[in-house]
Amino acid sequence: MQSQISTPQNPSEESAGQEMDLSMRVESIDPRLDLEEEIKRLKKEMNAVILAHYYQDDVIQDLADHVGDSLALAQAAAKTDADVIVFCGVHFMAETAKILNPDKPVLLPDLDAGCSLADRCPADQYREWLKQYPNHTVINYINSSAGVKALSDIIVTSSNAVDIVKQLPADQPIVFGPDRHLGRWVERQTGRPMVLWNGFCVVHEQFNARRLLALRVDYPDAVLIAHPECEEAVLNQADYIGSTLALLKYVQAHTEHKQFIVATEAGILHQMKRARPDAEFICSPPNSGCTCAMCPYMRLNTLEKLYLCMRDQRPQIVMDEETRKRALLPVQRMLEMSKNLSPVQQKGD
Ligand code: 13P
Ligand code: SF4
């Protein structure tokens, strides 16, 4: 089933009431301020580290200390010795940083920056669903709430899911949530059937396989690179499939190709164009309209909100300690199991 991009829902109770407060605070910013300089100043003053996902606005990526995919950012959060973590990404990513750093403030510019995968997999429903599958290893995509992580055995990202599943005993039954497309792709790569939760990413599911075929006629030499959150009909056409970091590395390595059709969120184009100024990047066409795909949740974070969260030290991620402790173990297992892995997975591995 194809989906439409919808308005982000609140990812958590903490965000209740923040909207009005946030818009008033944004309006209160002195227009003469050089926000980029102010952010750099505050970063020094607070001894903060800014972590940014590839799906953030270019200006935010350029201010960050680390720009990466979900795995790279979790690894950076696990290693940082900064006093404060400023997470320019979505709620589940900042939560993961908090799970790993309970004593540090973790700031997220907009608490409403959720994720369709995490928001449509509530922990209470997930707990009930899991009761049907006793004796299964529960593997969850990092795109899930702390409450769902707490119900998991191992967390994975799109960078390491295939390798982690391959490390499990061959006869071990597996439940995989919450992304059905990533789950199906992992099944195909590993040859291991898994029970899949029926979730999807509203951004990656909107790429249209039929329009993509037509685009490939117009660009016969272009290589199609796709994120595994895309639908199977899109992945079947792809020349290469990988996480956002893997796609970037592919573009960097394959200088023999000069045109790339990119089936993922358009934020990654900032780093791709920087890495390959000689190449042309074409956005994979969505179901409607002709623009590049942008995640409506990721893009809630703006330069102004980044500045405000650092100036006011809010909003911060809060989490009950019991949930955090239970979520920590599967996150640590992921970090341990992916220590020696290359982040790049080849199609057909
Ligand atoms: P990666 O960062 O693992 O590529 O995941 C993409 C994504 O959709 C993040 O929300
Ligand atoms: Fe979630 Fe998709 Fe946005 Fe990533 S791109 S944060 S998976 S909605």
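Me: Where is the place of Asn 47?

Reply: Asn 47 sits in the loop between helix 2 and strand 1 (48-53), where helices (H or I, at least four residues) and strands (E, at least two) are DSSP runs numbered from the N terminus. Before going further, note that this is a predicted model, in which local features need pLDDT of at least 70 and side-chain atom pairs count only at pLDDT 80 or more, while totals for chains, interfaces and linings use all residues. Residues are numbered from 1 along each chain as its sequence is written, and chains are lettered from A and ligands numbered from 1 in the order in which they are written.

Me: And is Asn 47 buried or exposed?

Reply: Asn 47 counts as exposed because it has 10 C-beta neighbours inside 10 Å; a residue is buried if 20 or more other C-beta atoms lie within 10 Å of its own, exposed if 12 or fewer, and partly exposed in between, with C-beta atoms placed from the backbone. Asn 47 also has a positive phi of about 50° although it is not a glycine. Most residues other than glycine have a negative phi.

Me: Which other Asn has a positive phi, of about 70°?

Reply: That is Asn 135, again not a glycine, and it lies in the loop between helix 7 (123-130) and strand 5 (137-141). With 6 C-beta neighbours inside 10 Å, Asn 135 counts as exposed.

Me: What about cis bonds, say the one into Pro 178?

Reply: The peptide bond from Gly 177 to Pro 178 is cis, with omega near -10°, and Pro 178 lies in the loop between strand 7 (174-177) and helix 10 (180-190). A cis peptide bond also joins Arg 314 and Pro 315, with omega about 0°, and Pro 315 is in the loop between helix 15 and helix 16.

Me: Switching to packing, at what angle do helix 2 and helix 15 pack?

Reply: Helix 2 (residues 35-46) and helix 15 (residues 303-312) pack at an angle of about 30°, with their axes 10 Å apart; axes are lines fitted to C-alpha atoms, for helices over the stretch in contact, and angles run from 0 to 180 degrees between N-to-C directions. That makes helix 2 roughly parallel to helix 15, given that angles under 35 degrees count as roughly parallel, over 145 as roughly antiparallel, 65 to 115 as roughly perpendicular and the rest as oblique.

Me: Which residues meet there?

Reply: Leu 35, Glu 38, Ile 39, Leu 42 and Met 46 of helix 2 meet Leu 303, Glu 304, Leu 306, Tyr 307, Met 310 and Arg 311 of helix 15, where contact means that the C-beta atoms, placed from the backbone, lie within 7 Å.

Me: How do helix 5 and helix 16 cross?

Reply: The axes of helix 5 (residues 91-100) and helix 16 (residues 321-337) come within 9 Å and cross at roughly 95°, and the two helices are therefore roughly perpendicular to each other. Thr 96, Ile 99 and Leu 100 of helix 5 make the contact with Arg 324, Ala 327, Leu 328 and Val 331 of helix 16.

Me: Last one, how many residues of helix 13 are buried?

Reply: Seven of the ten residues of helix 13 (residues 244-253) are buried, so this helix is largely enclosed by the rest of the structure. The buried residues are Thr 244, Leu 245, Ala 246, Leu 247, Leu 248, Tyr 250 and Val 251.

Technical notes: Two residues are in contact if their C-beta atoms, placed from the backbone, lie within 7 Å.
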